[in-house]
Amino acid sequence: MSETPRSRETGGDTSTGLPQRRTGPAFAHTPHRSDGRSPQTPRGARQPDPGGRPGTIPPVPGRPAILLLLSLLGLALTTWQVLVSGPLLTPDESLSRALVRTVPDSVTERLSDLGNVPVAVPVLLLAMAYSVRRSRAWVPALTAGLAMALVPAVIVPLKEWTARPGPLEPWAAGYYPSGHTATSAVAYVGAALLIGPYARRAWPMAASLVLTAATATGLILRGWHWPLDVLASCFLCAPLLLAVAHTVRRAVRPSAGEGGATTHGK
């Protein structure tokens with residue numbers, strides 16, 4: 001006995017045959033907002049970066065706040081240990097004694113010089129000028145300049161307050177935290193943050209981290225700073241660099257249509 005197939009034109013039954021694509025709003029591939037803003041779901045469209053390459057999902061809100069909190073806690077902990085001659089100073093001094101002058105001074109002194117103001121600050125100034133020229137926004141460059149100006153404003157009082165002696169000069173004081181490390185970190189990493197949106201590769205940030213690490217390594221191996229001095233400077237610089245990164249993200253807005261950058265906040 002054969003069945004008579006039901007007509008698809010009667011009764012509106014679409015349960016037989018191949019699945020049909022539904023075009024209702026509940027089944028749309030990409031959600032839309034009535035106000036024209038981009039959807040806030042993982043399936044929303046990703047914007048390209050200033051170079052025209054596909055972008056990534058925006059970072060999870062609150063991550064910079066966590067990094068800020070951790071850096072401040074780290075700075076508070078290391079400063080407290082230095083002030084009270086806490087237990088962290090024992091492994092710190094042991095590590096320093098094991099490393100000091102294991103590399104020729106001629107090498108470590110050149111590495112330490114990367115943190116000198118005449119060497120590091122001009123790099124930041126050039127990056128500031130380049131950022132203003134490309135983005136036509138002054139806020140990121142001014143924030144980076146302010147971050148550099150805050151380095152001695154914070155470092156000098158901490159040196160006077162803690163009065164920590166040096167590895168090779170126990171009669172001297174004022175080695176905590178490391179000013180050279182802070183100068184190199186803010187100058188080189190700050191410069192990378194300013195020019196990063198316009199680079200085709202991630203080389204600016206990689207180069208800045210290498211230069212900062214080389215400065216810190218030279219200071220420790222030469223005996224001009226304890227390892228804890230260098231670590232504290234990294235904690236101190238994190239909030240300053242987070243502020244620079246925040247202003248860069250706000251000022252440099254990717255344009256989906258042109259693959260360029262649109263700016264605001266001049």
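**Fold, core and surface of the predicted model**

Of the 266 residues of the protein chain, 37% count as buried. The structure is a predicted model. The accessible surface of the chain comes to about 16200 Å², and carbon and sulfur atoms account for 64% of that area.

The secondary structure of the protein chain comprises 8 helices and 2 strands. Along the sequence these elements follow the pattern α-α-α-α-α-α-α-α-β-β. Among contacts between residues at least 6 apart in sequence, 72% join residues that are at least 24 apart.

The largest nonpolar core contains 40 residues. Within this core, the residues that touch the most other members are Leu124, Met148, Val151, Val186, Leu194 and Val244. Two or more core residues are given by each of helices H1 (63–84), H4 (117–135), H5 (139–162), H6 (179–195) and H8 (227–251). The largest share, 10 residues, comes from H6. In general, nonpolar side chains of soluble globular proteins tend to be buried together.

The surroundings of Val151 were examined as an example from the core. With neighbours within four places in sequence left aside, Val151 is in contact with Ala182, Thr183, Val186 and Leu240. Among these partners, Val186 is itself listed with Val151 as one of the core residues that touch the most other members.

Apart from neighbours within four places in sequence, the contacts of Ser112 are with His180, Thr215, Gly218, Leu219, Arg222 and Trp224.

Nonpolar side chains also occur at the surface. Leu77, Trp80, Leu83, Val84, Leu88 and Trp161 form a nonpolar patch, and together these residues have about 610 Å² of accessible area. Trp161, another member of the patch, is placed in helix H5. The relative accessible area of Trp161 is 56%, so this residue is classed as exposed, for which the cut-off is over 50%.

Conventions. Residues are numbered from 1 along each chain as its sequence is written. This is a predicted model: local features need pLDDT of at least 70, side-chain atom pairs count only at pLDDT 80 or more; totals for chains, interfaces and linings use all residues. Side-chain values use heavy atoms; hydrogens and water are left out. A nonpolar core is a set of buried Ala, Val, Leu, Ile, Met, Phe, Trp, Tyr and Cys residues joined through side-chain atoms within 4.5 Å. Buried means under 20% relative accessible area, exposed over 50%, partly exposed in between (1.4 Å probe, protein chains only). Helices (H or I, at least four residues) and strands (E, at least two) are DSSP runs, numbered from the N terminus. Contact means heavy atoms within 4.5 Å. Accessible areas come from the Shrake-Rupley method with a 1.4 Å probe; for residues, only the protein chains shown count as cover. Patches are made of residues with over 30% relative accessible area and no salt bridge: like charges are joined within 9 Å, nonpolar side chains (Val, Leu, Ile, Met, Phe, Trp, Tyr) within 5 Å. A salt bridge is a side-chain nitrogen of Lys or Arg within 4 Å of a carboxyl oxygen of Asp or Glu.
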